[in-house]
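Subject: Handing over the structure

Dear colleague,

I am passing on the structure that we talked about, and I would be glad if you could look through it alongside the notes below.

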Amino acid sequence: MKYKRILLKLSGEALMGNQEYGIDSQRLKDYATEIKKVVDLGCEVAIVIGGGNIFRGVSGAAAGMDRVQGDYMGMLATVINGMALQGALEDQGIKTRLQSAIEMDKVAEPFIKRKAVRHLEKGRVVIFGAGTGNPYFTTDTAATLRAIEINADVILKGTRVDGIYDKDPEKNENAVKFENLSFEEVFAKNLKVMDMTAFTLSHENKLPIIVFDMNKEGNLTRLVEGENVGTLVN
C-alpha cells in the first residue's frame with residue numbers, strides 16, 4: 001500500500017444518493033463496501049462526514065437563524081451521519097468507533113487523540129463527528145485537523161467529481177481536469193478544493209490532499225494501492 005493511514009472526507013450530500021435530503025441506504029451500503037476493501041488490505045481508516053444532507057448552518061444563518069446555533073445544529077447532523085455509517089460498516093463486520101467533538105456519551109466517545117490512534121492501530125475504523133466542536137469551522141477544517149492529529153498519510157476527499165477542474169465540470173463541458181497541483185498553484189488559480197482554513201492547515205503541515213470520485217467502484221482501493229486516481233495536491 002502507498003498509504004498506510006488515511007483520513008477519508010465525505011460530504012453529507014454524498015449520502016443522499018438521488019434523494020433531495022436524508023440518507024440513501026444503498027449509497028451508505030456502497031460506501032461501507034468500498035471502505036471494507038481497504039480495511040481488509042490493512043489500511044487504517046479514519047472518516048469525517050459533513051452534515052449538509054440534514055442541516056447546513058450557513059443556509060440557516062442566511063434564512064435569519066443565529067449562525068452559532070445553526071453551526072451547532074450542523075455538528076449534530078454530522079453525528080447522525082456518523083452513526084448511520086457506523087451501522088453500515090458494522091453490518092459488513094468492521095469494528096468501528098464513533099468519536100464526537102461534543103460530548104454525548106450515550107452515542108459516541110469523546111474525541112481523544114491517543115484513543116483514536118490506538119483504535120486505528122487495532123484495525124478499527126474511527127469516525128469523527130461534530131466537526132471541530134466549534135462554530136464557524138467547516139467539516140473540511142475538522143477533517144484536516146483530525147488528519148494532522150492522527151498523523152494520517154493523506155486526506156482523501158471523496159466527491160461525485162473525478163478530480164479538480166479549472167471550472168465546474170457539471171456545468172461546463174470544456175472544463176479541464178488537473179492531474180497534479182501544488183498548493184501554490186491552487187492558491188494562484190483560486191481553485192475550490194477545500195475551504196481556505198482547511199487548505200492552509202494542509203499546506204503548512206505538508207499533508208497531501210487527493211480529490212476523487214468516491215461513487216466509482218474500486219477508486220478508493222486503487223488510491224490506497226498507489227494508482228493515479230483523481231487529482232493530487234502536494
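The notes below take up a pair of helices and then a single helix.

This is a predicted model, in which local features need pLDDT of at least 70 and side-chain atom pairs count only at pLDDT 80 or more, while totals for chains, interfaces and linings use all residues. Residues are numbered from 1 along each chain as its sequence is written, and side-chain values use heavy atoms, with hydrogens and water left out.

Helices and strands here are DSSP runs (H or I of at least four residues for helices, E of at least two for strands), numbered from the N terminus. Helix H1 (residues 25-40) packs against helix H3 (residues 67-91) at an angle of about 60 degrees, and their axes, which are lines fitted to C-alpha atoms over the stretch in contact, are 9 Å apart. The contact (heavy atoms within 4.5 Å) is made by Leu 28, Ala 32 and Ile 35 of H1, together with Ala 84, Leu 85, Ala 88 and Leu 89 of H3.

Helix H5 (residues 139-149) has eight of its eleven residues buried, so it is largely enclosed by the rest of the structure; buried means under 20% relative accessible area, with a 1.4 Å probe and protein chains only. Among the buried residues of H5 are Asp 140, Arg 146 and Ala 147, and what covers the buried residues includes strand S1 (5-10), H3 and helix H7 (196-204). At the N-terminal end, Thr 138 caps H5, with a side-chain oxygen 3.3 Å from the backbone nitrogen of Asp 140. Just after H5, Asn 151 takes a positive phi of about 60 degrees.

Best wishes

Conventions:
Axes fitted to C-alpha atoms, helices over the stretch in contact; angles between N-to-C directions. Buried < 20%, exposed > 50% of the residue type's maximum accessible area, 1.4 Å probe, protein only. Polar contact = N/O pair within 3.5 Å; in protein donor to acceptor, adjacent residues only side chain to side chain.
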